[in-house]
Every structure is written in structure tokens, then in C-alpha cells.
Amino acid sequence: MWFPRLASDRVLRLRPLDGPFAITLKSNNTERIYCLNETAERLGLTRGTSFADARAFCPDLISQPARPDLDARFLATLRRWATHYCPWVGRDGTDGLVLDVTGSTHLWGGEAEMLADIQSRARRAGLTLRLGCAATRGAAWAFAHFGTGTEALTDLPVAALRLEEATVTALQRLGLRSIGDLTGAARAPLARRFGPDLLLRLDQAMGHIPEPVMPEVEPPRFATRMSLPEPIGLKEDVMGLTARLLTPLCDKLNRHEMGARHLTLTLRRVDQGSQQVDLRLAAPMRDPHRILPLFERGVGEVDAGFGIDQIRLEAIQVEPLPVQQIGNVQTSPDQLNDLITRIGTRIGLENIQRFLPADSHIPERSFTIAPAAFSMPDSAWFCLRPRPLRLFPPEPIAAQGSEPPARFRWRSMSLTTGRAIGPERIAAEWWLSDDAWRSGVRDYWRIETREGRRLWLYHTPQNPGWFVQGEFA
């Protein structure tokens with residue numbers, strides 16, 4: 001299967017257009033045509049043409065930037081659709097599929113009937129498709145890209161052997177224009193001049209060297225569902241069915257050594273409406289007894305309407321969760337993860353944060369804040385000098401001189417210095433630009449006041465001033 005207009009067909013299936021349309025891709029600082037529809041081709045536009053020249057030649061041309069990632073996803077969808085005809089389906093480049101239909105054609109009445117059905121379905125889906133069927137993979141590729149349905153393999157040009165453009169040009173200059181001309185030529189001179197790839201492609205197309213089809217392995221899908229003979233509406237009934245769906249889902253996760261991070265419970269009502277209950281977990285989990293209570297709050301807010309007749313549970317996001325050795329250690333992070341999950345369902349997992357160490361001697365850069373559900377605690381906190389428990393933006397105080405003031409006023413409080421420890425000089429990181437450190441170096445002091453406050457003050461010698469930046473416990 002070759003989809004010569006895969007990118008443009010993907011866009012036009014959603015928003016049909018009668019006029020010329022092209023997909024552009026930037027290459028070497030120049031926007032060039034990457035793919036175009038049939039109307040644009042009839043007007044004389046070709047792939048590789050610069051977009052500026054194309055617009056000058058065709059002012060009515062409508063364009064859209066290329067999205068290779070969406071094209072690859074669309075091709076993956078077509079690959080799953082192609083398994084309707086045979087189980088052995090693989091990708092062929094970025095715009096084609098290869099099928100091994102051995103033993104499957106009789107299910108459709110023969111090769112011709114199967115090809116007609118594929119072409120008919122593709123046409124109804126708005127896809128441009130060219131098919132090639134042969135005894136070898138190379139010959140099928142040649143017929144799909146260069147065949148018209150009447151000629152033999154030896155009548156096709158040498159470009160049908162999946163050769164590089166330079167090799168094709170060199171063969172044509174030697175007078176070897178078709179595959180038949182190539183099969184009649186001496187092999188040794190061809191191998192010396194063009195290398196082994198030329199003869200390898202020729203032998204693969206002729207069937208002398210096998211070229212198997214390698215199907216892609218379908219990723220496991222972690223989802224279960226249940227249709228009900230009678231609608232339900234009570235919270236207890238929904239939780240009971242959720243428990244029944246969790247057991248096989250967690251068993252499948254266990255077999256693949258995976259854990260769920262995001263679960264979605266979809267409840268379909270008899271009026272064809274549906275409601276979803278999302279559960280985002282603080283850590284990968286596959287224990288149904290721990291997961292089930294976490295659904296209670298979301299299920300309690302569901303409006304069952306006239307009743308629920310279908311329930312579906314799917315693990316949208318999963319992460320590896322290998323089996324661990326069970327020992328005598330009683331401490332486990334599971335209770336903390338469950339607590340984070342319960343709180344996260346109310347305020348959001350991103351709002352539950354933890355501090356992590358950072359490699360910097362600047363006080364305000366010596367830590368980072370990360371969501372607790374998506375980070376691991378780090379015990380590598382290392383500091384040569386004591387640091388305050390609370391750190392806040394510098395707050396100026398009225399004081400003079402380089403020694404700590406005997407009395408000062410901070411946050412409407414009059415404080416008296418009882419003990420001063422310091423100074424500890426900290427210089428700015430010269431390789432980083434920070435407006436807060438433009439005043440130069442800082443001399444930090446630990447101040448114990450007679451009123452009980454233990455503050456962290458610093459003095460800026462180059463631009464005299466005193467500031468409070470932290471408070472010890």
C-alpha cells in the first residue's frame with residue numbers, strides 16, 4: 001500500500017477543499033512543497049518546488065505547514081486498519097504499508113477481490129492509494145510505485161528497485177533503463193561499479209533473496225468495560241462494578257510489570273450521555289484494594305440521570321513498575337503516595353510540591369520546587385554553613401556600618417541583638433545574570449535577638465545597606 005498524498009489527505013479529510021492545496025516543509029531556510037493534492041498537481045506544481053515560486057505560479061494555492069508527527073500517527077492508524085485483511089502488516093517508509101497476505105486472500109474471494117475492497121474502502125475514506133501485489137516484497141513495491149497494471153516486472157524502470165537517485169541516473173547513462181535490461185547484464189561489472197546494494201535489490205525483487213515482512217507489535221491496551229442488562233444509579237453499585245473492573249485491569253498491569261498513573265472511569269447513561277471520573281495517582285500503582293477507595297469522591301459527584309448502562313475503566317497513562325523483593329522492612333512510601341493522591345484529587349497533584357537540592361552556593365538558588373507526584377525525594381542536602389528554615393526575599397532595615405546593628409526595626413517589631421555570628425561572605429555567580437546581586441558581594445550574619453527571633457541578615461559593602469533574608473527555627 002502506497003499513500004502518495006498521505007499528508008494532504010490527512011488534512012483534507014477533516015476540511016475538504018476543491019482548489020489547489022499544498023503542505024509545506026522548511027528545508028535549508030526555504031519553504032518547499034512537501035505534499036499536494038491532485039488539483040495542485042494538475043496545475044503543474046510538483047514536490048520540492050519552493051513555496052514562493054508555487055504561489056507566484058498559482059496565486060489561489062492554499063497551504064499548511066507540515067506535521068510529520070501527525071502523519072506518522074495517521075499512518076499508524078492505517079496500519080491498524082490494514083490488519084483487517086491480514087495479521088502481518090508493517091510500515092514501509094513514511095507513506096506506505098507492506099502486507100504479507102499469504103493464506104488470507106481466499107477469505108475475500110481472491111487477490112483481485114481483496115485489492116478491489118481495499119481500494120474501495122480507501123476511496124470512501126478520502127485517501128489516495130496505489131496498490132501492488134506480487135510474490136515478493138520488492139516486486140509489490142515496484143508495481144505500487146511505477147506499475148500501471150498491465151506490464152511485467154522486467155518492463156518497469158530501474159528506479160522501481162528502490163535504488164538511490166545517483167545510482168538510477170548512472171544506470172540510465174549506461175543504457176540500462178529497465179529491470180529487464182539489468183537482469184541481462186553481467187553481474188560482476190555491476191557489483192564492482194555500484195556495490196552490492198544494486199544486486200541485492202534486484203535479487204529481492206526477483207525472489208532470489210527473501211525479504212520478510214516484520215509486523216509491528218501492538219502495544220498493550222489497559223482497559224476493561226462492562227455492559228449492564230439493567231441501568232444502575234446508586235453510588236454503591238457503581239463502586240462495586242468498579243471493583244470488578246479493577247481486578248482484571250490490575251492483573252494485566254501486573255503481567256506487563258506496569259503501574260497506572262492516570263485512570264479514567266467512563267459511565268454511559270441510558271440517554272447516551274456519559275460522564276468521566278479521572279483519577280491521577282501520585283505514583284505508579286496496580287493494587288486494586290488501594291486504588292478503589294480513591295474513586296469514592298469522584299463517583300459520589302456523578303449524575304446518573306435515568307441510569308447507567310455501561311461502565312468502562314482505562315489506564316490512560318502507565319509507567320514501568322517492576323516486581324520488588326519482599327523483605328522485613330516495614331517502612332513503605334505507599335502511604336505517603338496514597339495521601340498525596342487523596343489531596344491531589346481535591347487541589348491538583350501539581351499543587352503538592354517538595355523541595356529538592358540544587359547545585360548553587362547562592363541561597364535562593366540552592367533549592368528547586370517540584371511537584372511531589374512527579375519527583376523523588378532527595379537526601380543529598382549538603383551545606384557547609386547553617387541555613388535558615390525560612391528563606392524570603394530580602395527586606396531592608398535601617399542600619400549603618402559593617403557591624404550588625406545593636407537595635408533595629410523589622411516588620412514593625414523593635415529587636416535587640418543579643419548575639420551575632422559571622423560574617424560569611426557570598427559572591428555572585430558571575431556566569432549568570434541576576435539583578436538581585438548587582439549590589440556586589442554579601443556578608444551574612446546569624447543574629448540571635450533578645451526577643452527570641454533568630455534572623456539571617458546580610459550587609460552589602462559595595463553598596464552599603466542591611467537586609468533580612470531568612471529566619472532560623
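Student: Which residues of helix 10 are buried?
Tutor: Helix 10 covers residues 196-206, and its buried residues are Leu 198, Leu 199, Leu 202, Asp 203, Gln 204 and Ala 205. Buried means under 20% relative accessible area, exposed means over 50%, and partly exposed lies in between, with a 1.4 Å probe and protein chains only. Helices (H or I, at least four residues) and strands (E, at least two) are DSSP runs numbered from the N terminus.

Student: What kind of model are these values taken from?
Tutor: The model is predicted, so local features need pLDDT of at least 70 and side-chain atom pairs count only at pLDDT 80 or more, while totals for chains, interfaces and linings use all residues. Residues are numbered from 1 along each chain as its sequence is written, and side-chain values use heavy atoms, with hydrogens and water left out.

Student: Back to helix 10: what do its buried residues pack against?
Tutor: They pack against helix 6 (137-146), helix 7 (165-173), helix 8 (179-183) and helix 9 (187-194). Contact here means heavy atoms within 4.5 Å. Just after helix 10, Gly 207 has a positive phi of about 90°.

Student: How many bridges link strand 7 to strand 9?
Tutor: Strand 7 (residues 258-269) and strand 9 (residues 308-320) pair antiparallel over 11 bridges. Within that pairing, Arg 268 has Gln 310 of strand 9 as its bridge partner.

Student: And to strand 8?
Tutor: Strand 7 is joined to strand 8 (residues 274-285) by 8 bridges, also in the antiparallel sense. Leu 267 has Gln 275 of strand 8 as its bridge partner. The hairpin of these two strands has 4 residues between them, and Gln 272 there takes a positive phi near 70°.

Student: How many residues of strand 7 are buried?
Tutor: Of its 12 residues, 11 are buried.

Student: What about strand 6, how many bridges does it share with strand 9?
Tutor: Strand 6 and strand 9 pair antiparallel over 6 bridges, and Thr 224 stands opposite Leu 313 in strand 9.

Student: Where is Glu 257 found?
Tutor: Glu 257 is in the loop between helix 11 (235-255) and strand 7. Its phi is near 55°, a positive value in a residue other than glycine. With 39% relative accessibility, Glu 257 counts as partly exposed.

Student: Next, what is the order of the sheet with 6 strands?
Tutor: The order is 12-17-16-15-14-13, in an open sheet with antiparallel pairing. Strand 12 (390-397) and strand 13 (407-410) are the edge strands, each pairing on one side only. Neighbouring strands in this sheet are turned by 40° against each other on average, direction ignored.

Student: How do strand 14 and strand 15 pair, parallel or antiparallel?
Tutor: Strand 14 (residues 413-426) and strand 15 (residues 442-449) pair in the antiparallel sense over 7 bridges. Ile 426 has Arg 442 of strand 15 as its bridge partner.

Student: Which residues does the cis peptide bond join?
Tutor: The cis bond joins Gly 422 and Pro 423, with omega about 5°. Pro 423 lies in strand 14.

Student: Where does Arg 411 sit?
Tutor: Arg 411 is in the loop between strand 13 and strand 14. Its phi, near 50°, is a positive value in a residue other than glycine, and Arg 411 counts as partly exposed at 40% relative accessibility.

Student: Last one: is Pro 377 buried or exposed?
Tutor: Pro 377 counts as exposed, at 58% relative accessibility. Pro 377 is in the loop between strand 11 (367-371) and strand 12. Leaving aside neighbours within four places in sequence, Pro 377 is in contact with Arg 354 and Leu 356. The C-alpha atoms of Pro 377 and Arg 354 are separated by 7.8 Å, with the two residues 23 residues apart along the chain.

Terms used: Two strands pair if DSSP finds at least two bridges between them. Axes are lines fitted to C-alpha atoms, for helices over the stretch in contact, and angles run from 0 to 180 degrees between N-to-C directions.
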